[in-house]
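Please brief me on this protein model, by topic and with the cut-offs stated.

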Amino acid sequence: MLGSLLGLTCAVRVREATTQAQRAWWLMLAAWAIGGTAIWSMHFMAMLGFSVVGQQIRYDVALTAASALIAVVVVGIGLFIAALGRPTIVKILLGGLFAGLGVAAMHYTGMAAMRVEAEIHYDTGAWPSRSPSPSSPPRSRCGSS
């Protein structure tokens, strides 16, 4: 939450800046705060909390770093689209769409960085509208190979 607050504060400063260099600086700080400090760090902390009984989970350093870079860059581009110049609903929607798709790319890049001696399956049919009944046992998403 603090990263988002800091990032939005920096984004407001983009509009108040008087030179292009100041705008670029505040935009970079906003992208780092929102993309790196808020979004990526929250995602990676959640991944660090994931465990598989009897298995050690490691992470590919290059892919993990790439996921962080993706988060910062796409949020920066999204903010650039939405925040610079005269604000319009189209610019805000396009900036948000770009950042949202980029965050999805960050997520799957981070998941690809996970190294575990188990088979990982994605249950694409498990949407919120299709939740298991209270009497059915929970399904495991990760099984040992």
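**Briefing on the predicted model**

At 39% relative accessibility, Arg-115 is classed as partly exposed, where buried means under 20% relative accessible area, exposed over 50% and partly exposed in between (1.4 Å probe, protein chains only). This is a predicted model, in which local features need pLDDT of at least 70 and side-chain atom pairs count only at pLDDT 80 or more, while totals for chains, interfaces and linings use all residues. Residues are numbered from 1 along each chain as its sequence is written, and side-chain values use heavy atoms, with hydrogens and water left out.

**Overall make-up**

- The protein has four helices and four strands; helices (H or I, at least four residues) and strands (E, at least two) are DSSP runs, numbered from the N terminus.
- Read from the N terminus, the order of elements is α-α-β-α-α-β-β-β.
- Of the 145 residues, 30% count as buried.
- Among contacts with a separation of 6 or more, 70% join residues 24 or more positions apart, a contact being heavy atoms within 4.5 Å.

**Salt bridge**

- One salt bridge turns up in a search of the whole structure; the term means a side-chain nitrogen of Lys or Arg within 4 Å of a carboxyl oxygen of Asp or Glu.
- Its partners are the side chains of Asp-60 and Arg-115, at 3.7 Å from N to O.
- Asp-60 sits in the loop between strand E1 (58-59) and H3, and Arg-115 in strand E2 (residues 114-115), so the pair ties together parts 55 residues apart in sequence.
- Asp-60 is partly exposed, with 26% relative accessibility.
- Side chains of opposite charge can pair when their charged atoms come close.

- Thr-64 belongs to helix H3 (residues 61-83) and is buried at a relative accessible area of 12%.
- Not counting residues up to four places away in sequence, Thr-64 touches Trp-40, Phe-44, Tyr-59 and Ala-113.
- Val-103 lies in helix H4 and is partly exposed, at 23% relative accessibility.
- With neighbours within four places in sequence left aside, Val-103 is in contact with Ile-39 and Val-74.
- Val-103 and Ala-71 are 32 residues apart in sequence, and their C-alpha atoms are 5.8 Å apart in space.

**Nonpolar surface patch**

- Ile-89, Val-90, Leu-93, Leu-94, Leu-97 and Leu-101 make a nonpolar surface patch of about 630 Å².
- Patches are made of residues with over 30% relative accessible area and no salt bridge; like charges are joined within 9 Å, and nonpolar side chains (Val, Leu, Ile, Met, Phe, Trp, Tyr) within 5 Å.
- Ile-89 is in helix H4 (residues 89-112) and is exposed, at 60% relative accessibility.

**Second largest pocket**

- The second largest pocket holds about 270 Å³ of space.
- It has 15 lining residues, and those closest to its centre are Leu-8, Ile-34, Gly-78, Leu-79 and Ala-82.
- Helix H1 (2-16), helix H2 (20-49), H3 and H4 each give two or more residues to the lining of this pocket, and H3 gives the most, with five.
- On a 1 Å grid over the protein atoms alone, a pocket is an open set of points where a 1.4 Å probe fits, with protein on both sides within 12 Å along at least five of seven lines; lining residues have an atom within 4 Å of a point.
- Grid points are joined across faces, edges and corners, and a volume is the space filled by probe spheres set on the points.

Definitions and conventions: Areas by Shrake-Rupley, 256 points an atom, 1.4 Å probe, with all protein chains shown as cover.
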